[in-house]
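The following note collects comments on a single model.

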Amino acid sequence: MPFHALGLAPALAQAAAELGFITPTPIQEAAVPAVLSGGDVLATAQTGSGKTAAYVLPLLQRLMVGTGHTPRRVRALVLVPTRELAAQVGEVVRSLSQHLPGKTKTAVVFGGVSINPQMLALRGGADVVVATPGRLLDLVEHNALKLASVELLVLDEADRLLDLGFAEELARVLALLPAVRQNLFFSATFPNAVQELANTLLREPQRIDAPSVDVKEAVVVQQAYLVDTTRRTQLLRQLIKTQGWQRVLVFVATQYLAERVASKLHQGDLYATSFHGGLSQGARKQALDEFKEKRWDVVVTTDLAARGIDISQLPVVVNYDLPRSAVDYVHRIGRTGRAGANGLAVSFVTPATEAHWRLIEKRQGLSLPLAVVPGLEPLEVAPVSEAGGGVKGKRPSKKDKLRAAAQNSNNDSQEP
Ligand code: AMP
């Protein structure tokens, strides 16, 4: 089905085609008509499903009817959890709106950078504002924009907005919006808090569950390796070499580890760099641009920093450190297998994190064999500082069991 068959204006279908979107993804096929009908929408949407265009295209069409921008008035507000995602969504809005009659003014605002250029950019109003909640409120307080004319509200990655502690800011933003508006709610997962937020926000929403899990499982191969904590870098290097992985996104737990793993790989003959929230905005942008240009084989990152990374045809994601929760696991593996391309998601499980892995597997309905690479059979039975916790060995001695019990009361790993 072509884009225009979804009821989109030719100018929008053309812009989509210029981005290489030939046929709509399942979420686009479902969401575009739903949003165009004017009602609220509640969508389960994974990163990589094409969710951004799924709401941006119909949102732009809805804005075509109307009065245009008046000073400091915002017509559509898109709230996102991170600055990277804000920048990306802003780019999608700009690309998709380029052929529309009349200029669609788009402003992207997020924290961590000077507020002044953003205030300037908002002068004269904006049709679409893409924002992280904290900076948006700062701008409202500076009287740089008003939210009383918002016709369309989008919450993108609502679960991450709550995960990252934006609940209070969200409530404050919502209180500034007019009562009559269209709400679009996108989330990869629906734990209770997210569902409650959706219940309070949405009026008789049309529910969209694009076949995310099926699609994801069809295109992302998931694997797990059992390996000692201290030999994960060695395993990573070996897999990259033997499996011929070209471009790899590696998740670690801390900024420190991102630096360390990247520099260790780099000391070998791999082009590896780190990407995390401790880097300046400029350094982050440079690393991303370079990765897109395929100058790096490996980027080692943390959950938060990786949140908005949009790298199409990213073939391999590695959980060097396991994610803290099943929700984070979904987000991480959503980095690969984007737009139908095949992906590989590999998790490194250590003796210390095996129980935690089983929990993630259970929540995901997975049951993966734990592969062991010859020469890298796990030997750990004692705590290892890098893991930040106790290590459960395969056949622990009595002393090991006592030590593990003491350790486990201090860390996340649960005994099975
Ligand atoms: P998203 O889930 O919005 O982050 O999109 C994931 C990736 O899919 C992005 O790189 C988009 O450019 C791409 N994409 C979105 N819609 C389509 C489509 N209909 N056809 C091909 N690629 C798409």
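1. A salt bridge is taken here as a side-chain nitrogen of Lys or Arg within 4 Å of a carboxyl oxygen of Asp or Glu. By this rule the count is 14 salt bridges. Arg 160, Asp 163, Arg 324 and Asp 328 are joined in a network of such bridges.

2. The model is a predicted one, in which local features need pLDDT of at least 70 and side-chain atom pairs count only at pLDDT 80 or more, while totals for chains, interfaces and linings use all residues. Residues are numbered from 1 along each chain as its sequence is written, and side-chain values use heavy atoms, with hydrogens and water left out.

3. Asp 328 lies in helix H15 and Arg 160 in helix H7 (residues 158-163), so the pair ties together parts that are 168 residues apart in sequence. Helices (H or I, at least four residues) and strands (E, at least two) are DSSP runs, numbered from the N terminus. Both Asp 328 and Arg 160 are buried, where buried means under 20% relative accessible area, exposed over 50%, and partly exposed in between (1.4 Å probe, protein chains only).

4. Arg 324, also in the network, sits in the loop between strand E12 (316-319) and helix H15 (326-333). With a relative accessible area of 61%, Arg 324 is exposed.

5. Glu 84 pairs with Arg 284, the closest N and O atoms being 2.0 Å apart. This pair links distant parts of the chain, Glu 84 in helix H4 (residues 83-97) and Arg 284 in helix H13 (residues 281-292), 200 residues apart. Glu 84 and Arg 284 are both buried.

6. Arg 172 forms a salt bridge with Glu 141, with 3.0 Å between the closest N and O atoms. Here Arg 172 belongs to helix H8 (residues 167-175) and Glu 141 to helix H6 (residues 133-141), 31 residues apart. Arg 172 is partly exposed at 38% relative accessibility, whereas Glu 141 is exposed at 58%.

7. How do H2 and H3 pack, and at what angle? Helix H2 (residues 26-36) and helix H3 (residues 51-64) meet at about 25°, with their axes 8 Å apart; axes are lines fitted to C-alpha atoms over the stretch in contact, and angles run from 0 to 180 degrees between N-to-C directions. H2 and H3 are therefore roughly parallel to each other, a term for angles under 35 degrees. The contact (heavy atoms within 4.5 Å) includes Ile 27, Ala 31 and Val 35 of H2 and Ala 54, Pro 58 and Leu 59 of H3.

8. Positive phi values occur at non-glycine positions. Asn 143 has a phi of about 60°, in the loop between H6 and strand E5 (152-155), and is partly exposed at 40% relative accessible area. Glu 204 has a phi near 40° and lies in the loop between helix H9 (192-201) and strand E7 (206-209); Glu 204 is exposed, at 80%.

9. In helix H16 (residues 354-364), the buried residues include Trp 357, Ile 360 and Glu 361. Just after H16, Gly 365 takes a positive phi of about 65°.

Note on methods: Parallel < 35°, antiparallel > 145°, perpendicular 65-115°, else oblique.
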